[in-house]
Amino acid sequence: TYFVKAYVTNEVGTAYGQEITFTSSVALPNVTTAVATSITSSAAISGGNLTSNGGGAISARGIVWSTNVNPTLSTNLGYTTNGISTGSFVSSLTGLTPATTYYVRSYATNIVGTTYGPEVVFKTITTIASITTTATYAGASPNSVVSGGNISSDGGKPVTARGVVWNTVATPTVLLSTKTVDSSGIGSFVSKIQSLLPAKQYFIRAYATNGNGTAYGNDISFTTSAILPTVTTTAISSITANSAISGGNVTSDGGGTVTVRGVVWSTKTEPTVAFSSKTTDGGGPGSFTSSINSLIPGQLYYVRAYATNSAGTAYGAELTLIADGLLPTMSTTSISLLTPTSLSTGGNISYDGGSSITARGVVWGIASAPTVLLSTKTTDGTGTGTFVSSLTNLTPSTTY
């Protein structure tokens with residue numbers, strides 16, 4: 001309300017007219033917009049300052065925002081209500097989309113209407129997914145493990161690819177070919193990692209890719225276990241009645257140190273280092289030679305190379321060996337029942353020489369040292385032990 005009087009001044013003084021009154025109408029408020037701060041992928045802080053209420057009571061003040069210019073209370077993606085007094089105020093913008101440009105204006109409303117402050121522009125931060133790596137556990141084979149991950153947030157854009165990536169160097173990335181692709185979307189997933197080298201340290205981490213980029217989980221390291229060595233058996237040579245030569249070639253150590261190698265042999269198939277005769281011929285990869293001793297003449301043996309590392313003992317192909325035989329050991333029985341044309345004798349076989357006795361008897365002739373090449377011989381069964389031979393059709397008074 002205002003009081004008004006006209007006035008006029010001359011050299012005598014000033015005169016005033018009658019006083020009248022009037023009341024001015026209410027004006028729009030005056031408000032400014034605060035610069036956006038604390039910007040994240042989904043939120044920010046702004047606000048304003050209501051410098052004048054326009055002469056009328058303020059019914060609302062706050063900010064409005066949109067991805068289009070000049071947002072209003074009727075055209076916006078969100079707004080706040082922050083009291084009714086004059087002065088500065090702070091407003092929180094929430095539910096924003098990552099990597100998006102927003103337009104913000106403060107507002108104030110009184111009985112006359114709503115006025116808006118200057119427009120402020122900002123862009124939310126680009127956000128990738130949030131993911132963790134699952135601890136590894138053994139797979140179906142020594143050169144495999146199982147891992148995976150859990151995507152708790154897609155970062156504001158759909159996850160189009162996920163899996164795990166691994167390498168022998170820390171912090172592997174999806175630029176490597178050593179990775180799995182395990183569907184898409186958020187949540188947990190399982191990854192099967194195969195074709196790993198034995199006894200090797202690997203680094204693994206889960207990944208998730210959306211329109212903003214690729215996020216990685218925590219880096220986990222693990223070491224694969226060694227596998228059995230690979231060994232071949234060398235052909236057997238230099239066979240005697242009591243010995244032979246063989247050996248082997250360790251073509252792969254299985255990722256572990258070969259601590260012992262050699263050959264094993266037995267009269268039973270598939271000899272092992274636990275229950276058979278064996279040699280010890282150093283360690284490590286490569287070829288080696290083994291001397292097989294203390295064989296029984298004429299005996300059949302089964303021979304194979306072996307190599308042992310931390311994973312266990314591996315065997316090469318099984319070969320067979322027959323030790324050379326010896327001549328039997330025997331004596332000739334004294335002559336008895338002597339007549340002019342016949343007599344009784346025989347022999348005793350105390351050792352078969354390592355091979356079965358297939359024929360035995362006595363041989364005679366009128367010259368010394370007769371042999372089985374003569375026709376004058378007996379055939380008296382087989383096997384070791386004593387036997388009796390009858391010589392007939394002899395010539396009287398003849399030395400045999």
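## Basis

The model is predicted, with local features requiring pLDDT of at least 70 and side-chain atom pairs counted only at pLDDT 80 or more, while totals for chains, interfaces and linings use all residues. Residues are numbered from 1 along each chain as its sequence is written, and side-chain values use heavy atoms, with hydrogens and water left out.

## Nonpolar cores

The largest nonpolar core holds 17 residues. A core here is a set of buried Ala, Val, Leu, Ile, Met, Phe, Trp, Tyr and Cys residues joined through side-chain atoms within 4.5 Å; buried means under 20% relative accessible area, exposed over 50%, and partly exposed in between, with a 1.4 Å probe and protein chains only. Ile131, Ile151, Val164, Trp166, Ile193, Leu196 and Ile204 have the most contacts inside this core. At least two of its residues come from each of β15 (145–153), β16 (161–167), β17 (187–193), β18 (201–210) and β20 (220–223), and β18 supplies the largest share, 4 residues. Strands (E, at least two residues) are DSSP runs numbered from the N terminus.

Beyond its neighbours within four places in sequence, Ile151 is in contact (heavy atoms within 4.5 Å) with residues including Ala129, Ile131, Val159, Phe189 and Ala208. A second, separate core has 16 residues, among them Leu295, Tyr301, Val303 and Ala305.

## Largest pocket

The volume of the largest pocket is about 730 Å³, taken as the space filled by probe spheres set on grid points joined across faces, edges and corners. A pocket is an open set of points on a 1 Å grid over the protein atoms alone, where a 1.4 Å probe fits, with protein on both sides within 12 Å along at least five of seven lines; lining residues have an atom within 4 Å of a point.

Of the 36 lining residues, Thr332, Gly361, Val362, Val363 and Trp364 are the closest to the pocket centre. Two or more lining residues come from each of β29 (329–332), β30 (343–351) and β31 (385–391), with β30 giving the largest share, 5 residues.

## Aromatic pairs

The whole structure contains 4 aromatic pairs. Rings of Phe, Tyr and Trp (its six-membered ring) pair if their centres lie within 6.5 Å; planes under 30 degrees apart count as stacked, over 60 as edge-to-face and the rest as tilted. Tyr7 and Tyr16 are a tilted pair, because their ring centres are 6.5 Å apart and their planes lie at 50°. Both Tyr7 and Tyr16 are exposed.

Tyr202 and Phe222 are stacked, at 5.8 Å centre to centre and 20° between the planes. This pair links distant parts of the chain, 20 residues apart, with Tyr202 in strand β18 and Phe222 in strand β20. Tyr202 and Phe222 are both buried.
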